[in-house]
Amino acid sequence: MRLVTFTAGGRTGVGSRRDGAVYDTGYADLHDLIRDGAAGLERAAAAADAGAPVDATTLLAPLRPGKILCSGVNYASHADENPDAVMPTEPFFFSKLPSAVIGPGQPIRIPRETTLTDYEVELAMVIGTRAYRVAEEEALEHVFGWTILHDVSARDVQFKDGQITLGKNPDTFAPLGPEVVTRDELGDPSTLRVSTMLNGTVMQDASTSEMLFSPARLLAFLTDLITLEPGDVVTTGSPAGVGCFRDPPVYLRPGDTVTVSVDRIGELTNPVEAGW
């Protein structure tokens, strides 16, 4: 099943998307559907089977997560683009804030003329059930579905005195969506291609099979310390090709259009504009 959050007729709702059409599930917030578990999915499926599609004029971010935890340096290709990269021996995480989340089509706003704004595509897990100290072999059972997170970064801030929290979290720096694909529909997450296109040019393109740590390993490692709740988002890293390690560097500028995509999920496209 493919789930979106839409606006139509002045209201916001959760829809089940099938063959391009959106069917109203009756939920106003995807968090509520996730918490209802199997009953929520059954209700969403029934809506698509029996209902008429809605005129979903706008798609929003599918949800606003309580926590967003992002895996850093999780593709082997980082060593190819950055000779100084220290490859981790265990997963590394940082957080993005819910206030940075935007949906498809909404503009990424560069806060200052001097901001070095970079792109990074990320396959992301949406947590379905509370997870604490889960075994690796059982970890994916806690995943409700999968989506795309665009980990936009202000590199001038991030790399100055290790200000990773500020550098990762200017407003609009976490596009999310365009939909959540349930675990059963996506299938094997290790066989996907992730990519970024900037103004029609491919900048990142890799297989999730290149991850250093699998999604299950990431969840097992993370939940040894942190409890994950339904609706939290955990990302799985980004491959080589980011702007800051290119020669010369390539950064997002006002007027750009950037699309991040993942096989079997779709494309998340956002324009870029000046925020000053």
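In the predicted model, β17 runs antiparallel to strand β18 (residues 266-274), the two being joined over six bridges. Within this pairing, Val260 has Leu268 of β18 as its bridge partner. Both strands belong to an open sheet of five strands, ordered β8-β18-β17-β14-β15, in which the pairing is mixed. The edges of the sheet are formed by β8 (108-110) and β15 (201-207), each of which pairs on one side only. On average, and with direction ignored, neighbouring strands of the sheet are turned by 20° against each other.

The largest nonpolar core comprises 30 residues, and the members that touch the most others are Leu219, Leu228, Val234, Val262 and Ile265. At least two residues of this core come from each of β10 (121-127), β11 (143-150), α7 (215-222) and β17 (257-262).

When neighbours within four places in sequence are left aside, Leu219 is in contact with Met125, Ile127, Val134, Ala139, Leu140, Val143, Leu228 and Val234.

Helix α7 is largely enclosed by the rest of the structure, because six of its eight residues are buried. The buried residues of α7 are Pro215, Ala216, Leu218, Leu219, Ala220 and Leu222. Their cover includes β5 (68-72), β6 (92-96), β10, β11 and β16 (233-235).

Definitions and conventions. Residues are numbered from 1 along each chain as its sequence is written. This is a predicted model: local features need pLDDT of at least 70, side-chain atom pairs count only at pLDDT 80 or more; totals for chains, interfaces and linings use all residues. Side-chain values use heavy atoms; hydrogens and water are left out. A nonpolar core is a set of buried Ala, Val, Leu, Ile, Met, Phe, Trp, Tyr and Cys residues joined through side-chain atoms within 4.5 Å. Buried means under 20% relative accessible area, exposed over 50%, partly exposed in between (1.4 Å probe, protein chains only). Helices (H or I, at least four residues) and strands (E, at least two) are DSSP runs, numbered from the N terminus. Contact means heavy atoms within 4.5 Å. Two strands pair if DSSP finds at least two bridges between them. Axes are lines fitted to C-alpha atoms, for helices over the stretch in contact, and angles run from 0 to 180 degrees between N-to-C directions.
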